[in-house]
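Reader: I am new to this structure and would like to go through it with you. Could you show it to me, please?

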Amino acid sequence: MASSGQQSVTERRLRPIYDAIDNMQFKKAVQLCDKVLKKQTGLQAGKALKALALSRQQRIEEATAIIDELVAEKPDDDGTLQAMTLYFRDQGQLEMVSEVYEAAVKKKPKNEELLTHLFMAYVRTESYKKQQQTALALHKVVPSNPYYSWAVMSIVMQAKQDPKMGKEMYLPLAEKMLDKFAKEGRMTALAEARLYVMVLEMVDKPERILRVLNSPIGQLYIVVEEREMKVIDCLMKLSRWKDCARKYVELILRNPNQWTLYTNYLDCQIRRHFAGEGSKTDRSPIAEAKDLIRHNKSIEDAKSRGRNQAPYLAELEFIWKLREVDLQDTIELGIPLDLLVDYFKKFGHKPCCFDNTNTFVSRLLSSADTDKYLQLVEEIVVADPVDYECSDDEIPLNVSRITRHIYLFQIRRYIGKYDSLSIQDKLSLVDELKQYHMTGLKLGRLLQKTEMQYSDFYLQLAAQLLLEVYQETGNITFLWDTAIMLELGWKRSRKNAQFQLIMLKIYGELGAFEVCSELYDALEIKSMQIDTLGYITSRYMQAVGTFLFANHFYSFALKFYKNCERESSECLVQGYRNGCFFKIPEMTDFSVRLAKSFHRALVTVDQQLLLLTSNTHSVSQAQKAYSSILLSPSYEDHIKEHFSSLKDNRDFKVFEDWHSLKRYCLLIDGVVIMIHSY
């Protein structure tokens with residue numbers, strides 16, 4: 001009772017310290033710790049919390065002295081260890097977390113909570129062998145399915161780390177452990193079933209997977225489609241195309257608008273055809289696919305509204321796939337021109353119409369058919385003009401009309417109709433588009449400030465054409481004209497990211513980087529976008545001499561990468577806790593991709609160069625700073641090896657251009673090279 005009473009007193013004294021740290025009142029937390037330690041001199045939790053508060057005040061030396069003392073004492077109470085864990089995480093010393101928990105477990109080898117924390121400490125440092133040993137020790141203390149699964153997953157990660165040994169030893173071991181687990185009838189959770197299937201996939205045993213999925217274990221899958229897709233993957237590996245096609249049909253009938261199901265189903269039927277399946281008494285696989293598409297189309301045609309688009313696109317995709325393998329003459333299908341016009345009539349009012357049809361226009365239509373298609377689309381648009389003076393109730397109808405009108409300009413640009421225009425003709429087209437934009441603003445009178453204007457696409461296309469005129473003439477006046485035009489459009493549509501992105505490019509070219517920084521802030525680029533979109537501004541900063549902003553940008557970006565390293569380890573911990581084992585390899589790969597980011601490497605080097613040039617005032621200082629970068633004679637080899645393994649995560653597709661991919665592709669030594677103008 002005395003011990004329990006003393007513990008409650010201690011908890012009551014420590015609670016204000018936790019609150020102060022949570023509220024970022026670190027000075028107050030240190031003062032409270034001193035008060036508690038006067039009353040309880042040897043209270044380890046108080047010392048650990050004081051060290052944590054001191055570290056967050058950047059008083060690292062004082063904090064380190066306290067932590068070193070605690071490490072020597074080898075504490076084993078949860079409060080102290082948790083506070084020390086937070087300290088080591090802040091300092092990036094994750095291996096020390098493992099060390100203090102190892103010492104605690106030696107004192108209490110059968111303490112489930114300490115063993116669990118030790119396992120998670122090994123997860124953070126990717127010590128897979130020690131993870132396995134700790135998980136098995138946990139399972140021995142408390143025979144629990146999750147702990148057994150942790151051990152198996154640790155073995156899987158060892159296999160991923162060393163593929164050669166994984167194939168010979170680790171994966172067979174994981175398979176045997178799960179086989180035993182299943183035979184004993186202990187597999188009762190979805191996480192365990194997923195882990196079993198994942199291991200069987202890694203050892204490439206599709207027949208075994210099918211047996212598992214058709215057993216009671218397969219019934220653990222809550223989402224039927226997830227299980228069915230696993231079955232289909234196995235059937236494809238076994239070349240059982242007929243069974244595979246049957247499964248796809250079942251899924252398509254349940255999900256008639258799931259586009260990927262159609263594309264995979266069509267591939268399956270074509271494979272069946274070449275495998276020689278189908279006899280005189282059976283329908284050919286190609287005919288079966290045609291009948292399914294026509295059946296689903298007839299269902300959609302009977303609807304007056306809310307039609308699914310996938311069946312209509314599937315027929316176009318089927319024609320393309322048959323042409324690719326020279327089977328277009330084996331079955332009578334629709335005429336691509338007629339199908340595309342029919343699709344536009346039904347779905348031209350949707351903004352996705354262009355993205356859904358552009359590739360089919362370029363793939364399936366000849367030059368003459370393309371011109372005919374444009375003519376027919378234009379006739380449809382002209383026959384149903386936009387009424388800009390309509391009442392509020394008629395705005396939705398006219399928004400559909402303006403979307404069709406925009407599609408006409410988009411598809412013209414995509415097929416290159418504007419490429420051959422003279423400078424004067426392009427400028428005339430720009431004026432026309434600007435007029436359409438101004439008139440179209442009347443339809444957006446009821447929109448909220450957070451919504452884009454319906455006619456913004458006109459101005460976006462006008463900006464792209466003006467930029468082309470600038471590239472052709474080199475006349476900087478066109479850059480200024482584009483910037484002014486977009487600024488006016490942006491005032492009316494503050495959430496239009498495309499306007500901001502194009503203006504960023506223009507002001508960067510003009511050297512007006514202060515405006516660039518304001519636009520960058522307005523875009524609210526955060527999290528992963530720092531890695532994928534940071535290149536938009538980073539290439540201009542030092543070139544125009546904005547060293548202060550450059551230093552801030554580099555520090556912010558590198559802080560993001562550092563935080564990602566810490567947070568990704570916590571995501572792995574949650575992956576084990578929640579049984580999301582199939583996500584753990586994905587998270588590990590994601591961490592590696594970020595660690596080897598091309599943008600991260602560029603930012604790191606640029607910051608070093610910036611410090612080298614801005615913080616040195618003499619040759620001797622410069623030499624000293626340069627020598628601090630070259631840490632070893634092998635530095636050059638290290639750099640070459642590092643840069644050769646970098647991953648380019650930059651997102652170039654963020655700029656909507658509507659040009660055909662042919663415009664940006666070059667064939668060099670048999671390799672297609674994408675050319676990005678941004």
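Author: One term is needed at the outset: a contact means heavy atoms within 4.5 Å. Among contacts in the chain between residues at least 6 apart in sequence, 62% join residues at least 24 apart. This is a predicted model, in which local features need pLDDT of at least 70, side-chain atom pairs count only at pLDDT 80 or more, and totals for chains, interfaces and linings use all residues. Residues are numbered from 1 along each chain as its sequence is written, and side-chain values use heavy atoms, with hydrogens and water left out.

Reader: How many helices and strands does the chain have?

Author: There are 33 helices and two strands. Helices (H or I, at least four residues) and strands (E, at least two) are DSSP runs, numbered from the N terminus. The C-alpha trace spans about 90 × 75 × 60 Å along its principal axes.

Reader: And what share of the residues is buried?

Author: Of the 678 residues in the chain, 47% are buried. Buried means under 20% relative accessible area, exposed over 50%, and partly exposed in between (1.4 Å probe, protein chains only).

Reader: Let us turn to charges. How many positive and negative side chains are there?

Author: The chain has 90 positive and 90 negative side chains, and the centres of the two sets lie 5 Å apart. Lys and Arg count as positive and Asp and Glu as negative, while His and the chain ends are not counted. Each charge is placed at NZ of Lys, CZ of Arg, CG of Asp or CD of Glu.

Reader: How many salt bridges does that give?

Author: The count comes to 44 salt bridges, a salt bridge being a side-chain nitrogen of Lys or Arg within 4 Å of a carboxyl oxygen of Asp or Glu. One of them joins Glu565 and Arg600 (2.8 Å, N to O). That pair links distant parts of the chain, with Glu565 in helix H29 (residues 547-577) and Arg600 in helix H31 (residues 598-614), 35 residues apart.

Reader: Is Arg600 buried or exposed?

Author: Arg600 is buried, at 16% relative accessible area, whereas Glu565 is partly exposed at 37%.

Reader: What separates Glu317 and Lys321 along their helix?

Author: They are separated by about one helical turn, because they lie four residues apart in helix H17 (residues 310-324). Glu317 is buried at 9% relative accessibility, and Lys321 is buried at 13%.

Reader: Which residues are linked in a network of salt bridges?

Author: Arg413, Lys426, Glu468, Glu472 and Asp657 form such a network.
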